[in-house]
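Please keep the structure open beside them as you read.

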Amino acid sequence: MPIRLEIVTPEKAVYADDVDMVIAPATDGYVGILPHHAPLLTTLGPGEFRVKKGGVEEVLAVFGGFMDVRGDRVIVLTEAAEPAEEIDAQRAQEARDRAQQALQAGPMSAAEEAHARASLQRALVRIRVSERRRRRL
Amino acid sequence: MPSERDLRRRVRSVKNIQQLTRAMQLVAASKMRRAQEAVLASRPFEQKLRSVLNELAPYADRELSPLLHRRTPVRRVAIVLITTDRGLVGPMNVNLLRTALRFAETQPDAAYVAVGRKGIGSLRRMRATVIAEFPNIPDRPTTNDTNVIARVAVDEFTNGNVDEVHLGFTRFINTLRQEPTLRRILPLVPEEEDLDQLPPIQYLFEPDPQTVMDLILPRFIEMTVYQAILESKASQWSAQMVAMRNATDAADDLISDLILAANKARQTRITKEMLEIASGAEALKG
């Protein structure tokens, strides 16, 4: 029995399909969802969102938001979700280097530091997701 | 009867106006397409968020968030009124304002959060109570532009200035139809309160109910406001496109009427001159 998965961002509906298993990056660690999971509402951190369907695994990078599990229906509402094949690995690496340099460059305001840390984290998630895709190919 | 020269002059001026309305029509049409795409693309998110919340609300502990508290009696409501910054959009703003005012009359007291210059102007003229004004919403709004509006609404509600917050905007249906809409956004209580009929489900919250509620509830208000502004933008450009197209078509009709009148005047003048010449010649002969 499949799970109905929908991933929606404010800009568009990213994903809608029947899948076998979902592994989501909750704030406190990864949670796996199989059919007949108990009703769950969890916040999501930035991380890899993995979808298993018929032996094939798809990976998306998601950034924040939350996931609602109820019955055999999973709704993910997130600020941004990027399928692995849409991620520009090179750009992500450049973004990572920029953020790391900014953090090493020395003192900055709390807001600037938070900003740099956030973009570093986003870049790392993108890199990990795109690498996972490359390994599979 | 206006002279032939007057008529020709009016044809020229109507043609100038027509060039203007045609240009505005084209601009509005291209902005309309973009705004319509934006509103249609973002609707699923808002709808999903709404349905998640509606399903969740019965199981949520009211004590978790002040946004879930219903207050009775309602002494004062706030109306977030989303109008356009510019005119020439047909009756769109007037219709919305009328809907809002009709609702306000049924309430003991109403205060406004005015978004868009048109609404700000009308409310000032009426000397209505205005809590905050937000002019100049960009054509491609982001949540950065709209979250401040949501924050004002939430603050007014939580600090007790108002007991309910309603959102008034023009919902986009299609290019020819836009609908003034008024919707309560605070307090956040489920749309139907038939709690007894719902199956008792034990919802799990990760990391914990408080964190989840603190994240999801304000986010929901922000998204509702953002969505309403996208709806208004799509309505605005659609209404303007239609209004300008009507104006351009009306100008066409007017121009052909005026040209006809001018030609008739010309013909009358020539006939009169010929008659004068003929009668002059006749007089010389005699």
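1. How accessible is Arg96(A)? Arg96(A) is partly exposed, with a relative accessible area of 23%. Here buried means under 20% relative accessible area, exposed over 50%, and partly exposed in between, with a 1.4 Å probe and protein chains only.

2. Some ground rules before going on. This is a predicted model, in which local features need pLDDT of at least 70 and side-chain atom pairs count only at pLDDT 80 or more, while totals for chains, interfaces and linings use all residues. Residues are numbered from 1 along each chain as its sequence is written, chains are lettered from A and ligands numbered from 1 in the order in which they are written, and side-chain values use heavy atoms, with hydrogens and water left out.

3. Back to Arg96(A), which has a salt-bridge partner in Asp97(A), with 3.5 Å between the closest N and O atoms. A salt bridge here is a side-chain nitrogen of Lys or Arg within 4 Å of a carboxyl oxygen of Asp or Glu. Asp97(A) is partly exposed as well, at a relative accessible area of 33%. In general, side chains of opposite charge can pair when their charged atoms come close.

4. Another pair in chain A is Glu57(A) with Lys52(A), joined by a salt bridge at 3.9 Å, N to O. Glu57(A) counts as buried at 15% relative accessibility, whereas Lys52(A) counts as partly exposed at 32%. Over all chains, the search of the whole structure finds 28 salt bridges.

5. Leu120(A) sits in helix α2 (residues 110–136) of chain A; helices (H or I, at least four residues) and strands (E, at least two) are DSSP runs, numbered from the N terminus. At 14% relative accessibility, Leu120(A) counts as buried. Setting aside neighbours within four places in sequence, Leu120(A) is in contact with Arg96(A), Ala99(A), Gln100(A) and Leu103(A), where contact means heavy atoms within 4.5 Å. Leu120(A) and Arg98(A) are 22 residues apart in sequence, and their C-alpha atoms are 8.3 Å apart in space.

6. Now for the overall form of chain B. Five helices and six strands make up its secondary structure, and along the sequence they run α-β-α-β-α-β-α-β-β-β-α. The radius of gyration of chain B is 29 Å, well over the 19 Å from the globule rule for 286 residues, so chain B is more spread out than a compact globule. That radius is taken over C-alpha atoms, and the rule is 2.2 Å times the number of residues to the power 0.38. Along the principal axes, the C-alpha atoms of chain B fill a box of roughly 115 × 35 × 35 Å.

7. What share of the 286 residues of chain B counts as buried? The figure is 43%. Among chain B contacts between residues at least 6 apart in sequence, 76% join residues at least 24 apart.

8. Helix α5 of chain B (residues 209–285) holds both Arg269(B) and Glu273(B), four residues apart, about one turn of the helix. These two form a salt bridge, with the closest N and O atoms 3.7 Å apart. Both count as partly exposed, Arg269(B) at 40% and Glu273(B) at 41%. A network of salt bridges links Glu4(B), Arg8(B), Arg269(B) and Glu273(B).

9. Is Thr224(B) buried or exposed? Thr224(B), also in helix α5 of chain B, is buried, with a relative accessible area of 3%. Beyond its neighbours within four places in sequence, Thr224(B) is in contact with Glu46(B), Arg50(B), Leu167(B) and Ile185(B).

10. Finally, some backbone geometry to check in chain B. A cis peptide bond joins Leu186(B) and Pro187(B), with omega about 0°; Pro187(B) is in the loop between β5 (177–186) and β6 (204–206). The bond from Glu206(B) to Pro207(B) is also cis, with omega near -5°, and Pro207(B) is in the loop between β6 and α5. Leu88(B), although not a glycine, has a positive phi of about 55°, and counts as exposed at 52% relative accessibility. Asn136(B) has a positive phi near 60° and lies in the loop between β3 (130–134) and α4 (143–158).
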